[in-house]
Amino acid sequence: MASEEKPLVVVTCTAPVNIAVIKYWGKRDEDLVLPINSSLSVTLHQDQLKTTTTAAISKDFTEDRIWLNGREEDVGQPRLQACLREIRRLARKRRSTGDEDPPPLSLSYKVHIASVNNFPTAAGLASSAAGHACLAYTLARVYGVDSDLSEAARRGSGSACRSLYGGFVEWQMGERADGKDSVARQVAPESHWPELRVLILVVSAERKPMGSTAGMQTSVETSPLLRFRAEAVVPGRMVEMTHCVRERDFQGFGRLTMKDSNQFHATCLDTFPPISYLSDISRRIIRLVHCFNAHHGQTKVAYTFDAGPNAVVFTLDDTVPEFVAAVRHCFPPESNGDKFLKGLPVRPASLSDELRAALDVDPTPGGVKYIIATQVGPGPQTLDDPHAHLLGPDGLPKPAA
Ligand code: DP6
């Protein structure tokens, strides 16, 4: 029996956070969300960071509605509408190709959406990529769409299209004016580099920084360095980064990751009026990483920063305990009852006197609030367990357990 005759169709999916190692910054088309350069990211494991979204369609719903982290939000928000429109367009297109069932009523059904993150949004971690990828993916499942979802996710938030895949993912900028070739593709799966680890150093955010959308728009309008970066630097770096990932070359991967983060923040400073996302603590972390690497005589750890002060550090599994000990030394945890280390377990390690001396930083108590230890992970998943649904049989959010 065709699913459109069911009173309520409910689907629940999860999607990951991604962190760019070649940064996306700047659009050539604001409306279609087309970037001025390609970018490349690492998908983080959903055991530590993920968005879960439930979408339900029913002939009884009278309007589209959305709840984010338990609170009803405005469904008229333009980026949400763009994603919904795109999914419904793909669903109609699929039906009209003729090889499927006749157009189902479900296409005209209104949708209820509920979405939650398993990590605090307030921590300033990039939640919008996971959120918009999860929205596009879940809507596609509920409306029966199997086509490429890059555009639907991208219209929500550019970086979201990279969260549609696990492992290592590139977003090819494309050339076409209609954006049809601006798509995300997997460069290598999550199983490709099992030793790679990711440490998120959550830093106290004193104030809310300027959002990415407004920030990059000002950069495109005012920064000659950004134009130079997009035209003359990123194309070569995409090739080099892809090579480092394929070869599992941590030295090359780490160095290029740090350089690209630094260049992105340099374009922010070149923006007029200037934008600065890094804090004093961010800069101390940068110094710590370089001291740590200099002590070892090679690139053992690499940082990257997005539009906020939190650091994301890449390293290999055998270096994690010593680096975490170095972070504890430089940023002694404040005893606020909060666990300093979350996520994957980390073996305790002590610092050698030589490394302690090499770190050469005045300890800043509480500078790093906590660390989330994670690894590379898979792309979006559909959850089969009906208990996972965030919406009840009435199509309204289930009361929080
Ligand atoms: C610094 O994807 O949040 O994290 O497309 O305007 O929603 P919009 O921007 P967004 O920008 C992300 C910028 C970045 C770098 C990156 O993820 O590539």
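A polar contact is here a pair of N or O atoms within 3.5 Å; within protein, one atom must be able to donate a hydrogen and the other to accept it, and residues adjacent in sequence count only if both atoms are side-chain atoms. The structure is a predicted model, in which local features need pLDDT of at least 70 and side-chain atom pairs count only at pLDDT 80 or more, while totals for chains, interfaces and linings use all residues. Residues are numbered from 1 along each chain as its sequence is written, and side-chain values use heavy atoms, with hydrogens and water left out.

His-112 belongs to strand β9, residues 110-117; helices (H or I, at least four residues) and strands (E, at least two) are DSSP runs, numbered from the N terminus. With a relative accessibility of 5%, His-112 is classed as buried, where buried means under 20% relative accessible area, exposed over 50%, and partly exposed in between (1.4 Å probe, protein chains only). Contact is defined as heavy atoms within 4.5 Å. When residues up to four places away in sequence are not counted, the contacts of His-112 include Phe-61, Trp-67, Leu-391 and Leu-396. Strand β9 also holds Val-116, which is partly exposed at 29% relative accessibility. Val-116 touches Lys-50, Thr-51, Thr-52, Asn-69 and Leu-390, again without residues up to four places away in sequence. The C-alpha atom of Val-116 is separated by 23 Å from that of Arg-88, and the two residues are 28 residues apart along the chain.

The domain assignment divides the protein chain into domain 1 (9-190 + 380-388) and domain 2 (196-375); such bounds come from an automatic or database domain assignment. A distance of 27 Å lies between the C-alpha centres of domain 1 and domain 2. To the contact between them, domain 1 gives 30 residues and domain 2 gives 43 residues.

Ligand oxygen atoms take part in several polar pairs. An oxygen atom of the ligand lies 2.7 Å from a polar backbone atom of Gly-158. For Arg-79, an N or O atom of the side chain is 2.8 Å from a ligand oxygen atom, and for Arg-162 the corresponding distance from a side-chain N or O atom to a ligand oxygen atom is 2.8 Å. On its own the ligand has 460 Å² of accessible area, and the protein covers 94% of this; accessible areas come from the Shrake-Rupley method with a 1.4 Å probe, and for residues only the protein chains shown count as cover.

Ser-223 is located in the loop between α4 and α5 (224-247) and is buried, at 4% relative accessibility. The side chain of Ser-223 reaches the backbone nitrogen of Leu-226 at 2.9 Å. Beyond residues up to four places away in sequence, Ser-223 touches Thr-218, Thr-267, Asp-270 and Thr-271. One of these, Thr-267, is placed in helix α6 (residues 250-270) and is buried, with a relative accessible area of 0%. Apart from neighbours within four places in sequence, Thr-267 is in contact with residues including Trp-25, Ser-219, Ser-223 and Arg-229.

Some backbone features were also noted. Most residues other than glycine have a negative phi, and most peptide bonds are trans. A cis peptide bond, with omega about -5°, joins Phe-272 and Pro-273, and Pro-273 is in the loop between α6 and α7 (280-296). Val-33 has a positive phi, near 55°; Val-33 lies in the loop between β3 (27-29) and β4 (34-35) and is buried, at 2% relative accessible area. Arg-248 likewise has a positive phi, near 50°. Arg-248 is found in the loop between α5 and α6 and is partly exposed, with 42% relative accessibility.
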